[in-house]
Amino acid sequence: LLSVFHGAADDGLRQLQMRARQPVDAWLLDGFAPDKNPSLWAPELFARMAELSAEGATVATFTAAGAVRRGLQAAGFAVQRCPQQPYKRESLCGELRRVPQRRRLEVPSRVLVYGAGLAGATVARQLAEQQLDVTVVDPQPPARGGSRIEAAMLHGRLLGDGSAQAGLRVQAYHHAVAFYQRFKGVRASGALQVCGPNMDPGKLQRIHDAYSGEHQPWITALSRTEAARQAGCDVPSQALWFSNAAVVNIPQLCRDLLDHPRIEYRPQPPGPLPDAPRVLCMGTATRAVAGLEWLEIHDVYGQLDRYSRSPGGPRVPVVGNGYYLPLTEPPAAAPNGCVLGATYEHAPWTPVRASARNLQLNRHYFQQPPLWRGRSRAPRCVSSDRVPLVGRTDGAAGAAGEGSVQWVATGFGSMGTSMVPLAAAVITSRICGWVPPLDEAAEQLLQPQRFLTRQARRGFRSGGR
């Protein structure tokens with residue numbers, strides 16, 4: 001796996017020092033010449049490299065400058081000149097000879113993942129692909145609860161305001177688009193984001209200005225006329241076009257994610273495995289785990305309705321007033337149909353009321369009354385601040401999980417398809433001892449312990465006042 005840090009080298013090494021638990025095996029110093037970029041070749045950087053290195057860590061550079069050679073030697077590297085003809089005369093290479101300060105973290109051989117929905121299946125798959133054995137535990141078959149939806153949207157739920165949460169959302173979206181490409185159940189479709197209750201024209205413009213550019217062809221601002229041309233019908237406003245958005249059949253995706261030789265599924269936990277980390281991906285049921293009553297998560301129900309498709313309706317997904325999703329492939333109660341959704345019910349509505357709401361928001365796409373074909377209802381697990389919970393919880397308020405290391409990945413709300421792959425990468429990186437693929441501000445934003453801190457400020461203790 002490749003993680004790229006954007007910034008000054010010293011800042012990057014400090015991040016490694018603070019956040020990585022595994023030592024470095026090899027260094028390739030590939031910068032401009034020391035006289036052109038002296039800050040990259042400072043003695044302090046060489047010393048920090050040595051502190052971060054494993055025993056016998058190697059180093060190589062393209063330069064053969066004497067100052068670089070002496071700096072590496074002073075930090076504990078045995079360095080020699082290496083011939084590089086015909087490209088240049090010579091460069092430097094060597095290895096660490098002094099006793100390293102960091103020991104290699106022992107990675108567990110098995111991880112227990114509780115929950116076989118989208119979050120649990122994605123966490124399990126990413127762990128398995130790093131050669132860890134994974135046991136997925138769920139008394140229900142895979143893809144229940146909110147993961148039983150056969151037609152969900154993967155599109156950018158962006159903010160564009162420069163906040164840590166805005167950065168988290170756009171990074172998660174791109175991570176999800178790349179991650180899902182090789183799995184069944186995900187169909188590239190593109191999507192139009194039009195104005196709606198939570199998206200006025202000014203916000204559309206801010207999002208476009210924040211993320212557009214010649215190197216960002218995935219988002220395009222369209223006038224109402226241009227948006228209508230893209231949709232193949234009239235749309236209610238100007239729009240953003242997300243070219244890499246996709247339609248997700250979550251049950252099929254979960255089955256494909258869990259189809260790996262290192263993943264086993266069990267309806268009940270296996271025997272005692274005190275050294276196996278536990279990852280809890282159980283939605284609001286996570287609060288029932290001893291010591292986690294303080295998690296501020298709750299269920300918000302949503303409903304999708306399937307209808308016959310109007311001849312003049314959009315040919316691409318349109319989001320903004322809920323969403324209109326044309327079905328070009330069956331999950332096949334509705335071939336040549338469409339899906340309308342999704343309600344956001346703070347208190348559960350009757351199914352009939354939810355159907356009426358979905359149709360009301362999208363009625364202008366139908367030339368004649370559509371034929372209703374069915375509905376899907378499911379709860380979303382939502383946090384009190386609408387930010388997912390991704391991180392370690394053992395040691396917080398006594399939540400030790402039978403003595404094992406314990407993690408949670410829950411509270412994704414309406415952002416499950418876009419946020420789960422990055423959350424799984426964060427947990428996988430932490431279990432394996434790597435720097436997580438997030439900056440520190442975004443990682444702190446996701447930390448479950450934020451609720452304990454807020455509750456303490458309000459005068460609450462875990463378990464009561």
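A contact is a pair of residues with heavy atoms within 4.5 Å. Among contacts in the chain between residues at least 6 apart in sequence, 74% join residues at least 24 apart. The legends below refer to a predicted model.

**Figure 1. Overview of the predicted chain.** The chain has 465 residues, of which 51% are buried. Its secondary structure comprises twelve helices and 21 strands. Taken along the principal axes, the C-alpha atoms fill a box of roughly 80 × 55 × 45 Å.

**Figure 2. Helix α9 and the strands beside it.** Helix α9 covers residues 351-362. At 1.5 Å a residue, these twelve residues should span 16 Å, and the end C-alpha atoms are 17 Å apart, which agrees. Ala354, Ser355, Asn358, Leu359, Leu361 and Asn362 are the buried residues of α9. They lie on the same side of α9, because the arc they cover around the axis is only 165°. Four strands pack against these buried residues: β15 (297-308), β17 (322-326), β18 (337-341) and β19 (372-383). Exposed residues Val352 and Gln360 are found on the face of α9 turned away from the buried side.

**Figure 3. Helix α3 and its surroundings.** Within α3 (residues 66-74), the view shows buried Val68, Arg69, Gly71 and Leu72. The buried residues of α3 fall within an arc of 165° as seen down the axis, so they line one face of the helix. Their packing partners are β1 (24-29), α2 (43-52), β2 (53-61), β3 (77-83) and β4 (90-96). After α3 comes Gly76, which has a positive phi, near 110°.

**Figure 4. The aromatic cluster of Tyr173, Tyr211, Trp218 and Phe242.** Nine aromatic pairs are found in a search of the whole structure. One of them is the tilted pair of Tyr173 and Trp218, with 6.0 Å centre to centre and 50° between the planes. Tyr173 belongs to helix α5 (residues 164-180) and Trp218 to the loop between α6 (201-211) and β10 (219-222), so this pair ties together parts that are 45 residues apart in sequence. Tyr173 and Trp218 are both buried. Trp218 also forms a tilted pair with Phe242, at 6.1 Å centre to centre and 40° between the planes. This second pair links distant parts of the chain, as Trp218 is in the loop between α6 and β10 and Phe242 is in strand β11 (residues 239-242), 24 residues away. Phe242, like Trp218, is buried.

Figure 5. Leaving aside neighbours within four places in sequence, Ala239 is in contact with Leu192, Gln193, Val194, Leu204, Thr220, Ala221, Leu222 and Ala227.

**Figure 6. Val113 and Val279 in the largest nonpolar core.** This core holds 78 residues, and Val113 and Val279 touch the most other members. With neighbours within four places in sequence left aside, the contacts of Val279 are Val111, Leu112, Val113, Tyr114, Val123, Trp407, Ile427 and Ile431. In soluble globular proteins, nonpolar side chains tend to be buried together.

**Figure 7. Met282 and the residues it touches.** Met282 is located in the loop between β14 (278-280) and β15. Its relative accessible area is 27%, so Met282 is partly exposed. Not counting residues up to four places away in sequence, Met282 touches Tyr114, Gly115 and Val289. Although Met282 and Gly115 are 167 residues apart in sequence, their C-alpha atoms are 4.9 Å apart in space.

**Figure 8. Charged ends over the rings of Phe62 and Tyr114.** The charged end of Lys88 is placed over the ring of Phe62, 4.7 Å from the ring centre. Over the ring of Tyr114 sits the charged end of Arg278, at 5.5 Å from the centre. Tyr114 is also among the contacts of Val279 and of Met282.

Terms used. Residues are numbered from 1 along each chain as its sequence is written. This is a predicted model: local features need pLDDT of at least 70, side-chain atom pairs count only at pLDDT 80 or more; totals for chains, interfaces and linings use all residues. Side-chain values use heavy atoms; hydrogens and water are left out. Helices (H or I, at least four residues) and strands (E, at least two) are DSSP runs, numbered from the N terminus. The expected span of a helix is 1.5 Å times one less than its number of residues. Buried means under 20% relative accessible area, exposed over 50%, partly exposed in between (1.4 Å probe, protein chains only). The arc is that of the directions from the helix axis to the C-beta atoms. Rings of Phe, Tyr and Trp (its six-membered ring) pair if their centres lie within 6.5 Å; planes under 30 degrees apart count as stacked, over 60 as edge-to-face and the rest as tilted. A charge sits over a ring if NZ of Lys or CZ of Arg is within 6 Å of the ring centre and within 35 degrees of the ring normal. A nonpolar core is a set of buried Ala, Val, Leu, Ile, Met, Phe, Trp, Tyr and Cys residues joined through side-chain atoms within 4.5 Å.
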